[in-house]
Amino acid sequence: MAAEVHNLSVLQGFNAAKDDQSPYGHMTKMIVGKKTLEQNIEVPDFCGIDGGSDAGSVEKISKTAGILESVYYSGGYADPIEISFYTSYENRTILDLLRKRDMECTDVDFELFCARYDPVAGKYFKAMHTNANYNKGEIKKVYNGSSDTTELAIDVAQESTDIIQTPELFRVCIEISPKPTAQQFHLAVSESAKYVKPWGVKTDTGGS
């Protein structure tokens, strides 16, 4: 099964430069351990422009919880998704405090999209997204053989990035395993060529 690999431009995700056609993406919304990240990063959004708008204009401003750097998903319905993104100081503080405590709740709800440029259509399209819905999972647990312990697959940078000077943004890496419920990733290889992959396993709670 083909993997979904998206290495994205943080600069394009923040600036949406008209003379740049680099792929980019946003972590639109995210809830980790019952804590909702603030949508406090203002970004222009090519994919948010109505179909009838000028493809060269970037007028609509959206607010997002994070700017994606990379997404890796090996493609299986039970496989985790690995995400790295940059978020605000306020959100970094929330996540850093959560990971340094004993997290009783490791649930993660997230809404994201990765965008690529279609040179034939002359505009960006969403190459991977959650269809404006939350996908639900939990932070993957990783066994540490050296200490014989289980750790959560989340890392939060202590220092801000120098990729973008203002506002201060901090790198977060997280690996999310799907909840046992039927979900989807919506995917595309061009503006017109689209498909869907299931994510998560629906649990049969019925009788025999």
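Leaving aside neighbours within four places in sequence, which residues is Ser177 in contact with?

**View 1. Surroundings of Ser177 in the predicted model.** Ser177 is in contact with Pro80, Gly137, Glu138, Lys140 and Trp199, its neighbours within four places in sequence being left aside; contact means heavy atoms within 4.5 Å. The residue belongs to strand E14, residues 170–178; helices (H or I, at least four residues) and strands (E, at least two) are DSSP runs, numbered from the N terminus. Ser177 counts as buried because its relative accessibility is 19% (buried is under 20% relative accessible area, exposed over 50%, and partly exposed in between, with a 1.4 Å probe and protein chains only). Because this is a predicted model, local features need pLDDT of at least 70 and side-chain atom pairs count only at pLDDT 80 or more, whereas totals for chains, interfaces and linings use all residues. Residues are numbered from 1 along each chain as its sequence is written, and side-chain values use heavy atoms, with hydrogens and water left out.

**View 2. His129 in strand E9.** Strand E9, residues 123–129, contains His129. With a relative accessibility of 17%, His129 counts as buried. Its side chain reaches the backbone nitrogen of Asn131 at 2.9 Å. When residues up to four places away in sequence are not counted, His129 touches Leu112, Phe113, Phe185 and His186.

**View 3. The aromatic pair of Tyr73 and Phe185.** The structure holds eight aromatic pairs; rings of Phe, Tyr and Trp (its six-membered ring) pair if their centres lie within 6.5 Å, and planes under 30 degrees apart count as stacked, over 60 as edge-to-face and the rest as tilted. The ring centres of Tyr73 and Phe185 are 5.1 Å apart and the planes stand at 50°, so this pair is tilted. Since Tyr73 lies in strand E6 (residues 66–73) and Phe185 in strand E15 (residues 183–188), the pair ties together parts that are 112 residues apart in sequence. Tyr73 is buried at 0% relative accessibility, and Phe185 is buried with a relative accessible area of 0%.

View 4. Tyr89 and Phe170 form a tilted aromatic pair, 5.9 Å centre to centre with 55° between the planes. Tyr89 lies in helix H2 (residues 89–100) and Phe170 in strand E14, so the pair ties together parts 81 residues apart in sequence. Tyr89 is partly exposed at 45% relative accessibility, whereas Phe170 is buried at 4%. The charged end of Arg92 sits over the ring of Phe170, 5.3 Å from its centre (NZ of Lys or CZ of Arg within 6 Å of the ring centre and within 35 degrees of the ring normal).

How values were computed:
Polar contact = N/O pair within 3.5 Å; in protein donor to acceptor, adjacent residues only side chain to side chain.
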